[in-house]
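Me: I have a structure open and would like to talk it through with you, a few questions at a time. Could you help me read it?

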Amino acid sequence: MSEKIGETNALCPECMRTIKAEKIVENDDVYITKTCPEHGTWKVKIWSGAKHYKYLYEFSATPKVLEKFAMPTINGCPNDCGLCERHMQHSCLNVVEVTNHCNLNCPICFATANECGYNFHPDIETIRDMFQTVVNYVNSPRVVQISGGEPTVRDDLPEIVKMAKEMGIEHIEINTNAVRISNDIDYLKKLKESGVDDFYMQFDGVDDKIYSKTRGIPLFKIKENAIKNCSEVGIGVTLVVTVSPDINLYHVGDIIRYAASKVPTVKGVHFQPISYFGRYPAEPQDKNRITLPDLAREIEKQTNGMLKVDNFIPTSCSNVHCDMKSLSIVLPDRSLFPLTTMALGPPSKTDNVADKTRTEVSQFWRFIENTMDGKHENETDDGSWKTFVNRAKTHYLTVSAMAFQDVWTGETERWERCCIHTVTLDGKLVPFCLFNLTSTDGTTLYRKRTFCR
Amino acid sequence: MATISAAAKEIIEKRGLKEKDVIGVVDGCGDDKIYNKESKLFIAKKEIGELTVYAVFNEAGEVQTAYSHKMKILDIVLEGETDSGWVYCKNNQPLKNGHTNLTYMGATRSGPSLTEPVSGESWFEEYLSVGALTAAEGLFQQKRA
């Protein structure tokens, strides 16, 4: 028994031509189905729980578009990215890649760093132009993630960060594998002095067996030492976990408990269910994927209900099926006291959500230096509202997830509402997923077009 | 009929309360109020919509200050041993410095309170209401918005 619940456009995974797609429900799971006249039919599971999937539409934000666009709409989404005038959400986070060099060689890498057949390591004036694109198209507060490759391979990264701040970018986070900031605290101090607000740190688990599979080498001690260094220097960290059902899904509860033990240096855990673009071992089946609802259920199970499915709400900034977030206060016994719940219903104000999200990211994830002395660490919870509020100021943990779209799962309905945009060399903004998307033979829609010049 | 001092009018406006609600708390409380013979002040409270509104007034019925909280008062969790200096006018029982549970948006935690175990009644003082309770309420509301 199959029920059609929507129509959208998608891409053929082989030739990447735009084709019609349908969303259907079978056995309470939501699938995207599409047929390329030349290469066949695909049916991929994108959600579990049809009622929940439909209900989330009530959380959709009122679209807030950019004030100006780089591209007219000619061929339609996803072929005119820049953004085009049909794009329905402005930027809350801009990704600026400053190199494709890396000091690791991971088996899984969305950026296919090191071996993508081109060299991208721009000079500082080129990077200035990329920041200028952000300033041109995005209103304050501007949040930029400096990414790569591995941005910390650049000795001039502190100079780059300082330049971004001087140009009016209020919040800078560095996407890093943590190798250099673990081994080189002087470099970390320079980054702090230059104005880095937080690190977005790859973190796949608290067991080296996992790192051996995801990154090719044991890295847990390096991650631990990097967190210790960040605590010493006074920069907040978000742990970013690529979740694969085949590798570390069983481990998400341990990761959340570990993060809670490292508050307030660790501000959040951000799960990224594995997407298949860039570098990955083989064409995926549904069993190789994890949907957001399935991840939330796994988190509830592995945290013994400390964090429940119901505590995860969409940010309402991107498309409501792209992400989920929770916010909890970490109590002295390291248990979580969740503040977010679906039971409160859709948000009352869904207009201008991107501005709100940017402000939240900027204010909330910024490390509060004067709480780094650990003076709350030995505080016992007397069950009072006062203790609760005092801890809430500093001892909070976000647990969130974002389901990136690959060539099998991607759809126009979600791309058009994306608010995370990669900055290109020719002065454009491209939704992160589209920028990194690759066909079965590794062809990209936008990445190489942008960086192989 | 109760009156409101000039200072209290300012506070009431600043805290988003309505003067008529505060007057109503005083005029309608009868003996359901507490009295402190040292300060010669009364406190009365009333649930109005989702708020519990408190009025602090003198023997002439002039309101000196007013405040509120959205949290719902539950049971006393600690009756307390020390005398608070307040007496419940309804039964002349002394109030202790205890702890009482408050619940808001599904969360229940305690706060220091003036407790009267015989009737099971609790009152929350201004410092807590405008401090920790308001902050906690704001935290939850922020996440709801």
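**Around one methionine**

Met163(A) is found in helix H3 of chain A, which covers residues 157–166. The model is a predicted one, and the questions below start from this residue.

Me: Is Met163(A) buried or exposed?
Reply: The cut-off for a buried residue is under 20% relative accessible area. Met163(A) has 7% relative accessibility, so Met163(A) counts as buried.

Me: Leaving out residues up to four places away in sequence, which residues does Met163(A) touch?
Reply: Happy to list them, with contact taken as heavy atoms within 4.5 Å. Phe131(A), for its part, is in contact with Met163(A) and also with others, including Val96(A), Ile146(A) and Met167(A). Seen from Met163(A), the residues touched are Ile124(A), Ile127(A), Arg128(A) and Phe131(A).

Me: How far apart in space are Met163(A) and Gly195(A), C-alpha to C-alpha?
Reply: Along the sequence, 32 residues separate Met163(A) from Gly195(A). In space, their C-alpha to C-alpha distance is 9.7 Å.

Me: Which residues have the most contacts inside the largest nonpolar core?
Reply: That core has 123 residues. A second, separate core has 31 residues, among them Ile329(A), Met71(B), Leu95(B) and Leu128(B). In the largest core, the residues with the most contacts are Phe131(A), Ile146(A), Phe271(A), Leu295(A) and Leu397(A).

Me: Now to the sheet in chain A: which strands stand at the edges?
Reply: The open sheet has 11 strands with mixed pairing, in the order S12-S11-S13-S10-S9-S8-S7-S6-S5-S14-S15. From one strand to the next, the twist averages 30°. An edge strand has a single partner, so one side of it is left without a neighbour in the sheet; in chain A these strands are S12 (336–338) and S15 (429–431).

Me: Over how many bridges do S10 and S13 of chain A pair?
Reply: Strand S10 spans residues 266–273 and strand S13 residues 396–402, and they pair in the parallel sense. Gly268(A) stands opposite Thr398(A) of S13(A). The number of bridges between the two strands is four.

Me: At about what angle to S10(A) does helix H8 of chain A run?
Reply: Helix H8 (residues 252–261) lies across S9, S10, S11, S12 and S13 of chain A. Another helix, H2 (residues 124–137) of chain A, lies across S5, S6, S14 and S15 and runs at about 165° to S5(A). For H8 against S10(A), the angle is about 160°.

Me: Why is helix H11 of chain A largely enclosed by the rest of the structure?
Reply: H11(A) covers residues 385–392, and its buried residues include Trp385(A), Phe388(A) and Arg391(A). The helix is largely enclosed because the buried residues number six of the eight.

Me: Over in chain B, which residue is the bridge partner of His99(B) in S9(B)?
Reply: Strands S8(B) and S9(B) pair in the antiparallel sense over nine bridges. In S8(B), His99(B) is also the bridge partner of Leu78(B). On the S9(B) side, the partner of His99(B) is Pro112(B).

Me: Which element gives the largest share of the lining of the largest pocket?
Reply: About 210 Å³ of space lies in this pocket. Its lining has 13 residues, with Arg15(B), Leu51(B), Ser68(B), Thr134(B) and Glu137(B) nearest the centre. Strand S5 (62–69) and helix H3 (126–144) of chain B each give two or more residues to the lining. The largest share, five residues, comes from H3(B).

Definitions and conventions:
Residues numbered from 1 in each chain as written. Chains lettered and ligands numbered in written order. Predicted model: local features only at pLDDT ≥ 70, side-chain atom pairs only at ≥ 80, totals over all residues. Heavy atoms only, no water. Pairing = 2+ DSSP bridges. Axes fitted to C-alpha atoms, helices over the stretch in contact; angles between N-to-C directions. Buried < 20%, exposed > 50% of the residue type's maximum accessible area, 1.4 Å probe, protein only. Core = buried A, V, L, I, M, F, W, Y, C linked by side-chain atoms within 4.5 Å. 1 Å grid on protein atoms, 1.4 Å probe; cavity = no way out; pocket = protein on both sides within 12 Å on 5 of 7 lines; lining within 4 Å. Points joined across faces, edges and corners; volume = space filled by probe spheres on them.
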